[in-house]
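Dear colleague,

Please find below the structure that I am handing over to you, together with its sequence. My findings follow directly after it.

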Amino acid sequence: MFEDRQRPLVPQYIQTLKPYVAGKTIAEVDAAYNPSRIAKLASNENRMGHSPMVDKAVGEALAHTHNYPDSFSRELRQAIAERNGVSPANVIVAAGSESIIAILCRTFFLNTDEALTAEVTFVGFFVQTNIRGVRLRKVPVTEEYKYDLTAIAEAVNDYTKMIYIANPNNPTGTYVSKQEFERFMSSLPSDVLVVMDEAYFEYARHYTDYPDSLSCGYENVITLRTFSKAYGLAGFRVGYAIAHRDLITYMLKTKLTFEPTALGQAAALAAYGDEDFIEKSLQLVEEGKKRLYSFLDLHNVSYVPSAANSVMLILPSEQEAESMNQAMLEEGVILRRLPAFGLPHCIRVTIGTDEDMVRFEESFCKVAVH
Ligand SMILES: *Cc1c(COP(=O)(O)O)cnc(C)c1O
């Protein structure tokens with residue numbers, strides 16, 4: 001298009017951009033294979049759904065959707081601030097953590113600035129830095145598929161503006177311990193922004209050595225959390241960040257005025273009030289992980305123990321991962337292959353309901369090469 005233009009239509013970094021590829025939808029799998037039942041275990045959603053309080057709140061909010069939403073998400077920010085012992089001025093709410101990451105990229109990068117993260121982590125950060133044309137350097141993970149914080153700290157240079165750490169990490173499920181985090185922070189220049197993406201915070205918060213990035217007292221830490229995972233609101237698109245008020249003030253300037261939607265704000269507020277639902281969800285995931293580990297041990301499949309709501313399987317080869325994934329898909333079990341994360345021989349399995357996990361096991365036994 002517009003080939004005769006003197007100057008290119010889009011920047012080089014947009015021409016070469018690899019967009020985020022989402023997991024398969026139920027409708028896609030239904031249309032392609034029409035399986036008797038579908039277990040969607042590809043996108044780390046909460047397979048229990050969401051709190052019933054959400055339905056009620058959204059029903060009520062629906063009556064007011066001819067009005068613009070509160071652009072400052074005041075009620076929700078107040079609730080998040082209270083729960084975390086900070087002021088609403090320390091909180092920003094946006095259309096998912098992905099939007100928060102986009103806001104970070106819009107707000108803080110000068111043209112010469114660089115970002116730093118692990119080779120194996122949430123692809124959303126790669127995409128958003130690329131969209132902004134930011135140079136992103138990636139450090140290999142350790143043999144245990146963990147963030148190598150020592151190597152990341154050593155890779156910091158004068159241009160490093162931001163370090164991104166998903167904790168627990170996606171897709172590995174591994175986490176950085178309190179001790180590792182503290183050693184890392186004390187080795188960094190204090191003006192490097194450290195983004196702690198805690199999308200799976202709820203699943204890990206009870207571990208005694210999981211670092212609380214909010215109470216650590218570092219002014220350069222930005223904590224990201226989301227309603228998409230444990231709260232079961234992925235379709236509503238609500239996430240938030242907690243940080244020093246000066247950082248939040250800058251971020252509020254670049255957020256889209258009316259994100260998240262009014263329904264999203266209402267849903268998140270209602271979900272946030274139902275801790276019982278979260279506890280039940282966490283219990284389901286804990287039990288589901290134990291059950292999956294035993295199953296994988298029994299069938300000699302390697303995996304990485306996880307602090308999140310998914311488990312990464314390590315298959316002997318890329319080919320085996322591909323054929324396993326495809327055969328499971330045809331059985332109606334949607335899993336996530338990980339070539340985009342740099343792990344073509346690995347498959348990520350979200351922990352679902354008991355019924356989902358039975359389906360996974362039965363299908364696995366059916367398709368596995370004996
Ligand atoms: C799922 C996930 C997100 C996406 O969250 P949204 O709030 O739905 O945009 C962010 N970070 C990590 C590490 C994730 O796994």
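Helices H3 and H11 form a right-handed crossing. This and everything else below refers to a predicted model. H3 covers residues 52-62 and H11 covers residues 262-272; their axes lie 8 Å apart, and the packing angle is about 150 degrees. Since angles over 145 degrees count as roughly antiparallel, H3 and H11 are therefore roughly antiparallel to each other. On the H3 side, the contact is made by Met53, Val54, Ala57, Val58, Ala61 and Leu62, which meet Leu263, Ala266, Ala267, Ala270 and Ala271 of H11. By class, this contact of H3 with H11 consists of 11 nonpolar residues, with no polar and no charged ones.

A second pair of helices is H12 (residues 275-298) and H14 (residues 354-367), whose axes come within 10 Å and cross at roughly 15 degrees. Angles under 35 degrees count as roughly parallel, and H12 and H14 are therefore roughly parallel to each other. The crossing of H12 and H14 is right-handed. From H12, the residues involved are Leu284, Arg291, Leu292 and Phe295; they meet Asp354, Met357, Val358, Phe360, Glu361, Phe364 and Cys365 in H14. The contact of H12 with H14 divides into 8 nonpolar, no polar and 3 charged residues.

Sorted by class, the contact of H5 with H6 has 4 nonpolar, 3 polar and 1 charged residues.

I turn next to the ligand. It is surrounded by 13 residues, of which the closest are Ser97, Tyr200, Thr226, Ser228 and Lys229. Which atoms of the ligand lie by the side chains of Asp197, Thr226 and Lys229? For Asp197, a side-chain N or O atom is 2.6 Å from a nitrogen atom of the ligand. For Thr226, a side-chain N or O atom is 2.5 Å from an oxygen atom of the ligand. For Lys229, a polar side-chain atom lies 3.1 Å from an oxygen atom of the ligand.

Finally, some features of the backbone deserve mention. Most residues other than glycine have a negative phi, and most peptide bonds are trans.

- The peptide bond from Asn170 to Pro171 is cis, and its omega is near 15 degrees. Pro171 is located in the loop between strand S5 (160-166) and helix H8 (178-186).
- The peptide bond from Glu259 to Pro260 is cis as well, with omega near -15 degrees. Pro260 belongs to the loop between helix H10 (245-254) and H11, and H11 is the helix that packs with H3.
- Asn44 is not a glycine, yet its phi is positive, at about 55 degrees. The loop that holds Asn44 runs between strand S1 (39-40) and H3.

With kind regards

Terms used: Residues are numbered from 1 along each chain as its sequence is written. This is a predicted model: local features need pLDDT of at least 70, side-chain atom pairs count only at pLDDT 80 or more; totals for chains, interfaces and linings use all residues. Side-chain values use heavy atoms; hydrogens and water are left out. Axes are lines fitted to C-alpha atoms, for helices over the stretch in contact, and angles run from 0 to 180 degrees between N-to-C directions. Helices (H or I, at least four residues) and strands (E, at least two) are DSSP runs, numbered from the N terminus. Angles under 35 degrees count as roughly parallel, over 145 as roughly antiparallel, 65 to 115 as roughly perpendicular and the rest as oblique. A crossing is left-handed if the near helix is turned anticlockwise from the far one by less than a right angle, and right-handed if clockwise. Contact means heavy atoms within 4.5 Å. Ala, Val, Leu, Ile, Met, Phe, Trp, Tyr, Cys and Pro count as nonpolar, Asp, Glu, Lys and Arg as charged, and the others, Gly among them, as polar. A residue is near a molecule or strand if one of its heavy atoms lies within 4 Å of it. A polar contact is a pair of N or O atoms within 3.5 Å; within protein, one must be able to donate a hydrogen and the other to accept it, and residues adjacent in sequence count only if both atoms are side-chain atoms.
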